[in-house]
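Subject: Structure for you to look at

Dear colleague,

Please find the structure below, with notes on what turned up in it. Could you read them with the coordinates open?

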Amino acid sequence: MAISLIAAGALLTTACSDDFLDVTNPTGEPLEEYYTTDAHIQEALYAAYDPIHWPDWGLGQYNALNIDAEIMGDNFWVGGANRADMHNWHLLANYEADENNTLSSLWTVDYSGVKRCNDVLKYLDWAELTPANRASYEAQARLLRVYYYNNLWHYFGNIPFYLENLSTPYTTTQYKADDVYAELIAELEAVIDSKALPMKWDALNYGRVSQAMAYMMYAEMVMYQNDNARYQKALGYMQELISGSDYKLNPDFAALWTTAGEWCDESIWEINYEDANNDRGWSSPLATGGTVMPTLIGPNGFHYLADFGFDGDGWGFMPVRLETYNMYDTADKRRDATCLDVRGTTYTERYQDTHIWLNKYFPRNANNADAGFDSNLNYDNNLRVYRYAETLLNAAELLLATGGSATTAAQYVNEVRARAGLGALSTVTLDDIIQERRLEFVGEGKRYFDLVRTGKAAQVLVPDSYGYRTNSWTPKKKYIPIAQAELDSDPALVQNDYK
């Protein structure tokens, strides 16, 4: 894979500090002389991809993107050793986060990515490139930049926004969330209209952003914003993918989550991780290697499966709720592929333990067998971000929203259901589609945002009967608090009104 893990450069701290704009040149040449060749521009582009691998562990926090979203939803408990273990997750799950307990590292990770993308776009003017390569590098950097900002926008909403790197005093205007969206969607449309990226890369380039990935992010953003004026365009992109030959459902849902299932025909975009030749370790979290996420979500002291990874050293985060397991029809093939039910076994139980675990990313020996050291930090499980199943369900929802064919919408939903072993629905409603999305994407970080964008969060995300969640979600909870360190670095930043 040409785009896998690229070694991290200088450690970047906050979005508004001097260090954030530092560039370390390995040769000592002036930047204007170094970034003049195609090979060196590619180095800068690889560096721009690198922060996509950082969230699961780095900069002092565990923030696997699928976990961050799921803990605020209704499919999982937070778990861990106790409520003090990843205390920020527990507070976010109960909608009582604050400036000292939030997803602080994501801010740094994504602004690091923005900075590196801006670097690439600046260096392009210095280099001798073929027109095709220049167009491709520019489109990749711009699309990656939208990806990083999209993460920030989803979680923090009201954020500093800039398309050229800052100069002293390294501060800029904080945009309102709606204004951030307006800037990003226009940028995304420009990238899509350039047609500089392939719909699907060849196997040597799996991991690069593509035209199909841009389509999926466009639909995601437009739907989250409830931007009805762009629904027809988003639907057109989904139907282009459906009518094309590049992507289709993988026949076996369970096989999607194996190493062999990575970058199958269903996969539109994944974040690559590798266990072999890892440099990543507990003392070097931003170096090349694997992911710690399977360790995070595995049970502790568990030795009942021969292929269970790292001698049962799971940390017990994200136990699946019993209600999540029970929502599946017994004939639904997704249930056992999604939920590993080990009730009846004995191991070291942790907080909120249900004995049901996320099977999609369950830690198994095969996934870190080639790690040279710090094996529990170096699983090779790619993070699946966009799948063709989501294309079908997006299209079904957008058809209903735009007055399109209800028959075709049902057809798209039924393709997903047929793969799961379920019977066809004669008609579908929005509620049917949202429920199908829940069944399909458990553990993939989609559910919470679906509840927010459809207006269902306030009714669904309420106190539970176990006493774990004691607060209800309100519209003020849509954007989480900005970390105190960022507020300190720029006194002009305005905190989100989360209370």
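Two rings of Phe, Tyr or Trp count as a pair here if their centres lie within 6.5 Å, the six-membered ring being used for Trp. Please note that this is a predicted model.

Aromatic rings

By that criterion the structure holds 32 aromatic pairs. One cluster, linked through ring pairs, consists of Trp 107, Tyr 111, Tyr 149, Phe 156, Phe 161, Tyr 162 and Tyr 175.

The charged end of Arg 321 is over the ring of Trp 77, at 3.8 Å from the ring centre. Lys 478 has its charged end over the ring of Tyr 224, 5.0 Å from the centre.

Helix α6

Helix α6 covers residues 131-156, 26 residues in total. From first C-alpha to last it reaches 37 Å, close to the 38 Å expected at 1.5 Å a residue. The helix is mostly covered, with 20 of its 26 residues buried. Just after α6 comes Gly 157, with a positive phi of about 70 degrees.

Strand β4 (residues 383-387) is mostly covered, as five of its five residues are buried. Its partner is strand β1 (residues 267-271), in the antiparallel sense, over four bridges. Across this pairing, Trp 269 stands opposite Tyr 386 of β4.

The buried residues include Tyr 388, Glu 390, Leu 393, Asn 394 and Glu 397. After α13 comes Gly 403, whose phi is positive, near 75 degrees.

Arg 437

Is Arg 437 buried or exposed? Its relative accessible area is 4%, and buried means under 20%, so Arg 437 is buried. This arginine lies in helix α15 (residues 430-441). Which residues is Arg 437 in contact with, leaving aside its neighbours within four places in sequence? They are Glu 390, Leu 393, Asn 394, Glu 397, Lys 446, Asp 450 and Arg 453. Of these, Glu 390, Leu 393, Asn 394 and Glu 397 are among the buried residues of α13. In an α-helix there are 3.6 residues a turn, so residues three or four places apart point the same way.

Regards

Key:
Residues numbered from 1 in each chain as written. Predicted model: local features only at pLDDT ≥ 70, side-chain atom pairs only at ≥ 80, totals over all residues. Heavy atoms only, no water. Helix = DSSP H or I, 4+ residues; strand = E, 2+ residues; numbered from the N terminus. Expected span 1.5 Å × (residues − 1). Buried < 20%, exposed > 50% of the residue type's maximum accessible area, 1.4 Å probe, protein only. Phe/Tyr/Trp six-rings, centres within 6.5 Å; stacked < 30°, edge-to-face > 60°. Lys NZ or Arg CZ within 6 Å of the ring centre and 35° of its normal. Pairing = 2+ DSSP bridges. Contact = heavy atoms within 4.5 Å.
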